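Dear colleague,

Here is the structure I promised to hand over, and my notes on it follow below. Please read them with the model open beside you.

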Amino acid sequence: MTDVDDPKPATTPNPPHPPGLNAHLVVDRPPFHLDITVTAAPGEVLALLGPNGAGKSTALRALAGLLPLTTGHLHLDGTPLHHTPPESRPVGVVFQDYLLFPHLTALDNVAFGPRCQGATKSQSRTQAAAWLDRMGLKDHATTKPRHLSGGQAQRVALARALATNPRLLLLDEPLAALDARTRLEVRAQLRHHLADFEAVAVLVTHDPLDAMVLADHLVVIEHGQIVQEGTPADIARHPRTDYIAQLVGLNLYRGHADGHTVHLDPGPAITTTENLTGPAFVAFPPSAVTLHRNRPTGSSARNLWHCEVAGLETHGDQIRADLTGELPLAADLTTVAAAELDLHPGASVWATVKATQTHAYPA
Ligand SMILES: Nc1ncnc2c1ncn2[C@@H]1O[C@H](COP(=O)(O)OP(=O)(O)OP(=O)(O)O)[C@@H](O)[C@H]1O
């Protein structure tokens with residue numbers, strides 16, 4: 001297979017690819033072999049998810065031009081880029097450890113990109129100031145990276161990448177360097193900035209929650225190959241490999257929090273232990289769901305929903321039940337429990353989830 005296409009302009013008057021990202025990435029680094037096809041429309045956020053060594057960083061480096069393709073192609077808005085050196089690609093990268101220039105202020109870090117693109121010093125600083133303002137970092141313009149918190153450094157790195165007006169934004173484990181508490185906040189901020197970004201964003205992550213909250217489309221890679229792709233909800237409810245079933249095993253909803261209750265829109269309310277107000281996500285793993293054939297009476301679980309079994313899939317010694325009803329959800333149970341409950345498509349069940357097993361956080 002050799003489709004490193006290098007269309008001759010004279011014979012291809014119209015771009016052969018639609019707007020956005022169209023890439024077939026083949027990278028041979030024996031014994032490792034990456035071969036994936038990724039497409040995304042402008043405005044879409046795509047997450048590459050997979051275990052260690054799956055090839056996520058290799059794919060990201062190939063998109064950035066830091067690794068050459070062995071074969072394949074990379075088109076951005078119809079333009080072939082696979083022979084374009086990294087510095088000439090309309091690509092912004094946010095690295096895991098941000099790679100800010102330590103001797104430059106936040107403002108000069110952000111101004112660096114526009115300056116390299118030919119803007120004057122004053123133009124690039126004006127643009128950088130506007131980006132810092134958008135990121136809520138106006139007061140940190142003159143701060144050097146070592147005096148920024150992890151979350152602030154992450155936003156400076158994002159501003160630096162966005163200040164070049166990239167047509168492709170690459171984020172390598174953007175939240176990995178943050179502690180758990182900061183991560184929640186920064187995840188919500190990043191989601192907001194990605195929603196405003198009108199070109200394609202590709203993010204690499206190990207964390208299913210980051211992927212589900214931030215991405216419109218997930219591409220799961222194992223051993224250099226795509227094993228499944230789709231919307232976060234599709235993948236969580238219909239995992240095709242054991243790795244995905246464990247990794248993306250999350251029921252995730254959006255709603256409006258009012259104290260310990262998140263009112264879903266549409267849907268019922270979910271009781272949580274967190275105390276929040278305003279737009280919120282609430283998530284719980286399928287293993288947190290207990291199923292009953294009859295409405296439970298003495299259960300201490302705060303959340304109780306009536307559901308119908310839409311499908312059952314076996315993963316090792318676990319069964320994942322896909323449930324519809326007032327709250328669509330996935331539940332994991334052992335094969336023995338599934339047999340005892342006589343679960344089958346169409347069966348009516350009651351699902352309970354303890355508030356302590358749910359996790360709510362700002363949207
Ligand atoms: N510099 C390198 N030279 C040769 N092989 C490499 C190099 N970096 C990574 N690899 C190999 O390429 C394969 C894919 O690695 P890659 O870093 O892309 O995976 P990943 O999914 O990003 O993993 P992680 O989540 O651990 O970062 C692995 O087998 C790895 O050992």
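The shell around the ligand consists of R29, F32, G50, N52, G53, A54, G55, K56, S57, T58 and H206, where a residue is taken as near the ligand if its C-beta atom, placed from the backbone, lies within 6 Å of it. Sorted by class, this shell holds two nonpolar, seven polar and two charged residues; here Ala, Val, Leu, Ile, Met, Phe, Trp, Tyr, Cys and Pro count as nonpolar, Asp, Glu, Lys and Arg as charged, and the others, Gly among them, as polar. Helix α1 (residues 56-64) gives the most to the shell, with three residues.

Two points on conventions belong here. This is a predicted model, in which local features need pLDDT of at least 70 and side-chain atom pairs count only at pLDDT 80 or more, while totals for chains, interfaces and linings use all residues. Residues are numbered from 1 along each chain as its sequence is written.

Helices (H or I, at least four residues) and strands (E, at least two) are DSSP runs, numbered from the N terminus. Helix α1 is mostly covered, with seven of its nine residues buried, namely K56, T58, A59, L60, R61, A62 and L63. A residue is called buried if 20 or more other C-beta atoms lie within 10 Å of its own, exposed if 12 or fewer, and partly exposed in between, with C-beta atoms placed from the backbone. After α1 comes G65, which has a positive phi near 90°.

Helix α2 (residues 106-116) is largely enclosed by the rest of the structure, because eight of its 11 residues are buried. Those residues are A106, L107, D108, N109, V110, A111, G113 and P114, and what covers them includes α3 (121-134) and α4 (150-162), with contact meaning that two C-beta atoms, placed from the backbone, lie within 7 Å. G118 follows α2 and has a positive phi, near 105°.

Turning to the strands, two of them pair if DSSP finds at least two bridges between them. Strand β4 (residues 71-76) is mostly covered, five of its six residues being buried. Strand β1 (residues 21-29) pairs with β4 in the antiparallel sense over six bridges, and within this pairing L25 has G72 of β4 as its bridge partner. Strand β5 (residues 79-80) also pairs with β4 in the antiparallel sense, over two bridges, with L76 opposite T79. The hairpin of β4 and β5 has two residues between the strands, and D77 takes a positive phi near 50° there.

An open sheet of three strands runs in the order β11-β12-β18, with antiparallel pairing. Its edge strands are β11 (251-264) and β18 (359-362), each of which pairs on one side only. Neighbouring strands of this sheet are turned by 40° against each other on average, direction ignored, where axes are lines fitted to C-alpha atoms, for helices over the stretch in contact, and angles run from 0 to 180 degrees between N-to-C directions. Strand β12 (residues 269-284) pairs with β11 over 12 bridges, and T261 stands opposite T271 in β12.

F197 lies between α5 (180-196) and β8 (200-205) and counts as partly exposed because it has 18 C-beta neighbours inside 10 Å. The C-alpha atoms of F197 and V45 are separated by 9.1 Å, although the two residues are 152 residues apart along the chain.

Kind regards
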